[in-house]
Structure formats: C-alpha cells, structure tokens
Amino acid sequence: MLFLLILILLGLITYFILQRSVSQITHTPIWILWLIMMTPSLIWTTWMLIYPQKQVPPGLIIIPFVLCPCLYWLLLQWGRNVPSKSDKSKIENSSYNSQTEIDSTQTTKQTLPKLAIDKTEETNLRNCFPWTVYYLRNLEYKPQAVICRGQLRSNSEVAYKTVRENVEGKFGDRFLVVFQNSFQGKPFFALVPNPGCSKNKTQDSTEYKKGIILALGLLLITLFTTTLVGAKEIVGVSENTIKYNPSSLIQGLPYAVALIFILGCHEFGHYIIAQLYKIPITLPCFIPAPFWFGTFGAFTRWQSPVPNRKSLFDVSIAGPILGLIVTIPLLIWGLSHSSIVPLSEDSGISSLDSLNPTFSFLLTILSKLALGAKLTYNKAINLHPVGVAGYIGLIVTAYNLMPIGPLDGGHIVHAMFGQRTAMVIGQISRFLLLLLAFINKEYLFLAIFLFLLPLADEPALNDVSELNHQRDFLGLLMLGLLVLILLPAPKMVIQWLSL
C-alpha cells in the first residue's frame, strides 16, 4: 500500500514538472513523455509488490534506466517547436509593443512573446557595450531574446555592471540583462523581456496580503494534520480515543510543533536572505497531508531571476544551514529521551519505533552522543516524538542538499562550478545514489524521484562571475555533510563507538 501511495505521488509530481517545463517546447503529448519517465518506477514497484522478499534484479534496474531517458530525449527532440523562416523574419522586422510583448501572462504554448528592436534601438544597444569592457561583434535575434556575442575584455562583474547600467540608461526597465557562458565557454549577453517592467504596482500589496493569508491558512491546516498524525501514528493514540476524547490530540503537539519549526526555519532561511538581496520571493507555505508525516514539507518560490551566482549561493545555502542549526539540537534532545529496543529484522530507516542508526554516519555519532553506553550494536531506537521530528528534519536536509537541478544542493553546485559542470555533478549523483540503493533498498524511491527532476536550474542574470574562496569552502562543507548523512557508518567507527 505504501509503495502504491508513493508511486501515485511520484506520478503527480512528474506530470506537474513536465507540464511546467517541456509543454511549451515540444508537440509530443505530455502523457507519452510522462509514461516513459514513469516506466522504470512502474516496473520496479510491480516487482516489489509481486516479489516483496526478493531484490530487484540488476538488469531490471539498469536497462529501463538507460533506455527510457534515451527514448524520452528522442521524442522530446522529435516534437520540438522550431520557428519557421517567416516567423524569424517577422520577429526581426516587427516593431516593439511594450503592452503586448512584455506581458508574460499572455504567453501560450503556440505563441511566444516576441522581442524585437528597430534600427535606431540597435544602434543604441551597440553603444551599451564599451569596447574596453566587452567588444561586441554581432547581434542575434531570437523569439524571446537578443543575443549579444563578443569578447570579454575586463572583469566579469565590472562588465556586467557596466553593460546593465548602460542598457537601463537607454531602455529603462524594458529588458533584463543576462550574462552567461556558451557551450564553448565564451561569455555572452542576452536581452530578454522584463515581466516586472509594468508600471502598475497597485496589485503588489493585494498579492502580498493574499500570500500572507494563504501562508497562515496552510500553516494552521498543517499544524492540525501533523498533530493528528503525531497522536495516532507516533504516540499511538487510537482513533476511538480521539473520537470520544478530542483533547488526546494534544499528545501529538510536541511532534507537530518541532517538525513545523524545523521546516519553517529551513524555508525562512531562504526567505530572509532573499529579502536582503531584494529578490522577490513568496512567504514559506506548508503542504498539509492527513497521512505520511502530516505534511509533504514546505516551500518558497522565487518570483524573479536571481542577480548573480553569489546571491544564488547565499539564498540556497541559508535554508539548510538554518534548518540544521535547529534540527541537530532537537534531534539530540529527542534521541536522549528515546528508549532502547532490541534490534530486529524490521529495524531500518523507516522504522521509527525500531530505528537502526548505523545506516547514517552522522546519525550514528549523534545517537551515541545522546544515548551513551545504553546504545550497543544489537540495539535499536524507539524515537521520542521530538526525535522523530528531528530525524525527519535531517532526512529533509539531506534531500535538499542533493546536488541536482532545482534542489538547494543543485543551486549550490551551480553557483560554485557553473551550470554545465553542475549538470554533470547532478547526473553522477543520481547514479551514485542508485548504487547506494543496492546496499540499502530504502534509498530506491529517493533515487527514482531524483531521476524525475530536471538536471538544469534557472541561471542567474550574471551567471559568469564566480564565487570567492570562502563560499566555495562552505559549499564543499555542506556537500561533505550530505555524504555523512547518506553513507552508512564504517565498521571501524561502529567498533570504536562500541555499538
């Protein structure tokens, strides 16, 4: 039943991702692409339901893993939208209309907003590129951008600042100025429509108030669902007791408050740093669920591109750092108030009443620190409700630190190494986690889900300027922490801790 529930959830998330990411660039039906993406997980789930006691054969894992992405890419390319020559000429010769071309809300799957400049504006645009800063060679007109290619002749930050200020001086806020590296590693500029250039600011306060009401409403609903799950599933209060004595739900509050505090701190880490950089971002919103852990987590959503890789790094890493600052003390406190039970065949990652901490190097250290000599090699942990919340917080942090696409870890490696290298790191990480799933099959669903996420995230406006050494070191430190959470404790460490 749990496998089917997770499979349905993965299917819905996958369809949503495909609908948002590829529906506008291909004519291939989304349901076909969705079916191809879900085929590996359908095969593996079917095997587990039919043969619950047997490992999935390696061939049944590897073959769908290799064939389905290739078939997905072929169908995506086969149906890709390619503008005709007449469309291109219209784009280049069309006059600019600020009311119809900038407004991204009028974009449809078949008609993309056009971007064009006339001859006078082209001269003004060329004058925005001083030859001592960025020697402009040619302009390329695309449906949604003007690509400016040339040679960088100064520091990347100085070049971006100079060109952006010149463009703003001649065109106002009509364009966003993007600075990226090409596949050949050569930096280029691009001008794209600025959806935030509308003069109508009267809706901002209304939208903000709606965001506050939505966030508070979801918080209250999630507080109820987590309290309900905490009382029924973690504390063990029966449904009859809750039915005839609703006050018994209070027993689930320690779990609910601790979990919401951990998830909220993680998202507010993103929110606070984004506010410091003046990046529009939504308030943290929780996702309630009357099952599972009472919630599917929380999220914030950026409402505009980030200005540079520095801000991308700082906003992305702030969530895991602030989340860990509150997660680890709560987890240690919860572990210290947990009880020791005999280790059994049912003990594992998902057994909250019989948790074997040795699957995680960091969890092993924290468990020994909290429980001391009571925890030995043949013992498991029956987690206290606050310990459950701290444990979930640790798992959520590990998930978010995975260096893949839209996750916090994906943003971090993008900011550290650039988008192309980050995509390579993300692909390698997927396969490494799949190999880890051979050691511990409870990682299999996480490995499947990560293959459903896109490898690339949204680039920063200035995606060329690199980070300083301090941020690089902090990023490597967080990735090292991810390894400590995911990898099992070595036998030498277990013996040293007398487990």
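**Entry 1: how H11 and H17 sit together**

I looked up how helix H11 and helix H17 are oriented in this predicted model, and they are oblique to each other. H11 covers residues 309-336 and H17 covers residues 469-486. I noted an angle of about 40° for their packing, with the axes 11 Å apart. Angles under 35 degrees would count as roughly parallel, so this pair falls in the oblique class. The crossing of H11 past H17 is left-handed.

Next I checked who meets whom. From H11, the list includes Phe-313, Ile-317, Ile-321 and Leu-324. On the H17 side I found Arg-471, Leu-474, Gly-475, Met-478 and Leu-481. I sorted the residues of this contact into 8 nonpolar, 1 polar and 3 charged.

**Entry 2: Lys-278**

Most residues other than glycine have a negative phi. I found Lys-278 in the loop between helix H10 (253-276) and strand S5 (285-288). Is Lys-278 buried or exposed? Its relative accessibility is 75%, so I wrote down exposed.

**Entry 3: Thr-300**

Thr-300 lies in the loop between strand S6 (295-299) and H11, the helix from my opening entry. With a relative accessible area of 18%, Thr-300 is buried, because the cut-off for buried is under 20%.

Which residues does Thr-300 touch, leaving out those up to four places away in sequence? I listed Glu-267, His-270, Ile-281, Thr-282, Leu-283 and Pro-284. I also looked up Tyr-271: Thr-300 is 29 residues from Tyr-271 in sequence, yet their C-alpha atoms are 7.3 Å apart in space.

Conventions. Residues numbered from 1 in each chain as written. Predicted model: local features only at pLDDT ≥ 70, side-chain atom pairs only at ≥ 80, totals over all residues. Heavy atoms only, no water. Axes fitted to C-alpha atoms, helices over the stretch in contact; angles between N-to-C directions. Helix = DSSP H or I, 4+ residues; strand = E, 2+ residues; numbered from the N terminus. Parallel < 35°, antiparallel > 145°, perpendicular 65-115°, else oblique. Left-handed = near helix turned anticlockwise from the far one by under 90°. Contact = heavy atoms within 4.5 Å. Nonpolar A, V, L, I, M, F, W, Y, C, P; charged D, E, K, R; others polar. Buried < 20%, exposed > 50% of the residue type's maximum accessible area, 1.4 Å probe, protein only.
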